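Thanks for making time this morning; I would like to walk you through one model, keeping the criteria in view as we go. Please have the sequence and the coordinates open while I talk.

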Amino acid sequence: MLLIGDVWTMTEVGRAEAVHLEGDRITDVGLEHDLSARYPRAKKFRFERITPGLHDAHTHPLGWGEQLEWLDLSGVHDPREAARRVAERAKGLPPGTWIRGAGYLFDHYPHRSLLDELVPEHPVFLRSRDLHSGWANTRALELAGVSRDSADPEGGAIVRDGMGEPTGYLLETAQGYVQRILPPGSVADLERGLRDLARRGYTATHHMGWCPLEYPEELARSGRLPLRLWWAMDKDNWRGVEPGWRGDSLEVAAVKFFADGALGSRTAWMIEPYSDGTHGIVLDPLEYIREQGEAALRAGFGVVTHAIGTQAVRGLLEVYAQLAPLASASRPLRMEHAQHVRDEELPRFEGLPLALSMQPIHALEDADLVRHHLPGKEHEAFRLRDLWNTGLPMAFGSDAPVAPPDVLAGIQASLHNPLNPAQSLTEEETLWAFTRGAALAAGWPHHGLIRPDAPADLTLWEGGKPVGRVFRGEVELG
């Protein structure tokens with residue numbers, strides 16, 4: 001098979017005009033005239049652009065598959081509008097039917113009475129875009145057993161009114177009160193999420209938690225994995241699991257920790273306080289990450305840590321400096337998000353065996369939140385250029401379902417940083433982070449580039465957008 005077009009190899013070769021495939025491997029790259037003469041009987045396909053297969057370097061594919069079935073509240077900033085949409089969804093549903101939704105971003109914590117007024121007979125649970133907080137109505141709180149006597153769990157908080165009564169808003173782990181009574185996600189939900197990613201032109205994704213390992217293992221055994229899947233285990237269930245590959249499409253590779261929460265829920269851990277005087281929430285203490293991270297590395301896993309706030313980033317750099325001797329190219333340390341970084345921390349990134357996994361798409365929604373919650377600190381957010389200049393591998397993704405896995409939106413946010421244009425990257429740098437950089441963050445040295453003997457995982461482009469892919473040597477369009 002001969003693919004002809006503007007070939008972005010992500011190697012020292014730079015650009016080429018054609019790539020030849022045999023089976024599931026790349027066999028040749030070069031000029032169209034040369035490869036056409038060399039392989040005269042090869043079946044030809046012509047595209048505007050051909051790149052290494054796109055990775056979404058940070059997803060929760062089970063959650064994405066579930067959320068595709070939920071009420072979509074993306075772009076909603078007014079709690080009253082969210083309540084109105086819930087009421088529309090409730091029409092025709094039998095009383096007692098759960099209504100679930102996600103995607104909103106509010107600048108304050110709303111009260112359950114807004115939902116109660118419009119949807120009194122249906123339990124409602126809505127999750128913020130960042131998934132670090134949730135909003136429940138009274139019916140849902142009653143079913144979950146949440147009352148004024150309920151304790152705040154470690155790493156979370158029940159927002160209360162002046163009388164100590166729950167308002168219906170739950171921060172971080174306090175969402176578990178409601179989540180534990182909801183039906184769990186299924187293998188079908190995971191498969192739905194993965195197939196949506198494949199349909200968008202991705203050939204790989206990096207799973208970042210909240211799914212039983214048995215689900216992807218079942219898909220791998222039955223040959224139903226539609227892309228390559230790099231898997232990070234939740235911090236509470238990795239022991240006793242053997243790291244490594246299950247077939248050629250699933251690698252159990254790392255253990256995931258959370259240093260803090262997220263900006264939209266005001267739970268990201270900050271050095272300087274938010275405008276309301278709070279500093280966010282610590283989820284996994286730094287010493288716990290160091291101790292458990294060392295154990296995971298010695299067991300053959302990599303270490304992945306969510307760090308969004310300035311204090312979380314600073315503290316995690318200290319932890320990773322201690323863990324660095326145990327890391328390797330196949331098991332690099334990873335910092336997920338690195339969203340708010342002070343000037344003082346930038347020199348401390350250089351030289352660490354660290355990959356930076358970031359989501360430019362978040363800047364599109366978070367820019368206004370940064371201005372609202374952290375006035376005067378805008379320069380510390382989404383420092384793509386500054387972090388690129390550290391020389392560390394940068395991997396881009398979406399954090400779906402926190403944001404849709406829309407690679408074009410991610411590219412545009414990287415090319416035109418909405419908070420600070422000087423922090424933008426070039427198109428080549430951006431695509432590198434979605435391909436080669438993401439492969440290096442996974443510890444996959446032979447992926448994310450177009451050269452002989454590399455896997456034939458490619459993304460095909462027309463009109464400036466992905467229109468298909470080559471996966472395991474097969475062309476898939478539409």
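I will take the aromatic rings, then a sheet, and then one glutamine.

What you see is a predicted model, with residues numbered from 1 along each chain as its sequence is written. Local features need pLDDT of at least 70, side-chain atom pairs count only at pLDDT 80 or more, totals for chains, interfaces and linings use all residues, and side-chain values use heavy atoms, with hydrogens and water left out.

Let me begin with the rings, where Phe, Tyr and Trp (its six-membered ring) pair if their centres lie within 6.5 Å, and where planes under 30 degrees apart count as stacked, over 60 as edge-to-face and the rest as tilted. By this rule there are nine aromatic pairs. One of them joins Tyr104 and Phe106, which is stacked because the centres are 4.1 Å apart and the planes stand at 15 degrees. Taking buried as under 20% relative accessible area, exposed as over 50% and partly exposed as in between (1.4 Å probe, protein chains only), Tyr104 is buried at 0%, and Phe106 is buried at 4%. Trp432 is partly exposed, at 22% relative accessibility.

Turning to the sheet, two strands pair if DSSP finds at least two bridges between them. Six strands form an open sheet in the order S6-S7-S8-S9-S11-S10, with mixed pairing. Strands S6 (71-72) and S10 (156-160) are at the edges with a single partner strand each, so one side of each has no neighbour in the sheet. Within it, S8 (residues 124-128) and S9 (residues 133-136) run antiparallel and are joined by three bridges, and Phe125 stands opposite Ala136 in S9.

Counting contact as heavy atoms within 4.5 Å, and leaving aside neighbours within four places in sequence, Gln359 touches several residues, including His58, Glu336 and Asp399.

Definitions and conventions
Helix = DSSP H or I, 4+ residues; strand = E, 2+ residues; numbered from the N terminus.
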